[in-house]
Amino acid sequence: GYDIAFQKTLGTMPVGTKVRMHYSGLNNTIEGILVHKGNPNPSIYDSSCNGAWIWLNHSGIVAEHGGDDHNYPFSYSNSDYPNSDAFDICESKAKERINTAFSYAIKSVKLPYYNTSQGKVMTLGNGVSCQVFLLSLVEFGFSATDDIPQEGCTLDYFKNSSVDKTGKEIIEGSSWESGRYLHATRSVSMLDGGYCYYINSKNAYDRVLKREERAYRWYPAFILPYDVKLNDNNYIIT
């Protein structure tokens with residue numbers, strides 16, 4: 001008989017697998033983590049969210065795009081995530097730097113987010129339409145409160161890793177480990193719409209004025225189909 005080589009795909013890899021991809025800038029390579037497989041909760045997430053969730057654990061996602069990247073806050077105008085500068089940077093600057101060898105496969109999804117004007121989390125088909133996005137606080141494993149919206153649920157990777165362990169992994173791979181803001185989320189304050197949430201270098205969440213959060217602290221994510229292939233070195237390939 002013949003030996004048939006095993007083809008690795010995202011669907012065959014366990015949550016926690018580190019994957020690599022070619023990326024414009026950053027020495028043309030960047031690492032991500034497979035943080036979830038499937039729809040985290042079909043009663044909250046649209047069916048489009050069923051897939052392999054990849055989280056880019058590198059703070060330089062837009063830092064080398066241009067000299068003015070640090071001038072992009074979460075939102076100068078206190079907009080909610082769908083109309084924020086944060087959303088635009090993920091959908092434009094971050095997405096365009098992902099190598100086109102697999103960027104065609106990034107899914108268009110609808111994610112739960114908090115709508116300040118309506119005073120509620122928009123879920124299912126009413127979620128924000130996007131391809132590259134920031135995770136919410138609860139997706140990172142923090143609990144919803146009277147100020148933190150229930151924007152989804154904890155992704156599997158963050159269930160299996162303590163927040164402290166996850167935070168240390170981020171810091172060790174980041175050139176910004178001494179910075180005040182470690183990375184941003186798409187979560188905004190329900191009690192004061194002028195604030196958004198970030199996770200700091202002490203692996204705890206805190207609020208910051210939307211106009212003060214900066215793009216170079218972001219670690220965005222995207223969702224790919226299960227059949228996207230990996231080579232022997234875990235690089236995403238066509």
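Let's start at Arg 207, which is partly exposed at 28% relative accessibility; the scale here runs from buried (under 20% relative accessible area) through partly exposed to exposed (over 50%), with a 1.4 Å probe and protein chains only. This is a predicted model, in which local features need pLDDT of at least 70 and side-chain atom pairs count only at pLDDT 80 or more, while totals for chains, interfaces and linings use all residues. Residues are numbered from 1 along each chain as its sequence is written, and side-chain values use heavy atoms, without hydrogens or water.

The side chain of Arg 207 forms a salt bridge with Asp 147, at 3.4 Å from N to O. That pair joins distant parts of the chain, 60 residues apart: Arg 207 sits in strand β11 (residues 205-209) and Asp 147 in the loop between β8 and α3. Asp 147 is buried, at 7%. A salt bridge here means a side-chain nitrogen of Lys or Arg within 4 Å of a carboxyl oxygen of Asp or Glu, and the whole structure holds 4 of them.

Another one brings together Glu 139 and Arg 186, with 2.9 Å from N to O. These partners are 47 residues apart, Glu 139 in the loop between β8 (128-130) and α3 (156-160), Arg 186 in strand β9 (residues 181-188). Glu 139 is buried, with 0% relative accessibility, and Arg 186 is buried too, with 1%.

Asp 156 is partly exposed at 25%, whereas Lys 159 is exposed at 54%.

Now turn to the sheet. Four strands form an open sheet in the order β2-β3-β4-β12, paired antiparallel. Its edges are β2 (18-22) and β12 (221-224), each pairing on one side only. From one strand to the next, the twist averages 35°. Within the sheet, 5 bridges join β3 (residues 29-37) to β4 (residues 52-56), and Gly 32 has Leu 56 in β4 as its bridge partner.

Finally, which residues of the largest nonpolar core touch the most other members? They are Trp 53, Phe 133, Phe 222 and Leu 224, out of 62 residues. Beyond its neighbours within four places in sequence, Phe 222 is in contact (heavy atoms within 4.5 Å) with residues including Met 21, Trp 53, Leu 56, Ile 98, Phe 102 and Phe 133. A nonpolar core is a set of buried Ala, Val, Leu, Ile, Met, Phe, Trp, Tyr and Cys residues joined through side-chain atoms within 4.5 Å.

Definitions and conventions: Helices (H or I, at least four residues) and strands (E, at least two) are DSSP runs, numbered from the N terminus. Two strands pair if DSSP finds at least two bridges between them. Axes are lines fitted to C-alpha atoms, for helices over the stretch in contact, and angles run from 0 to 180 degrees between N-to-C directions.
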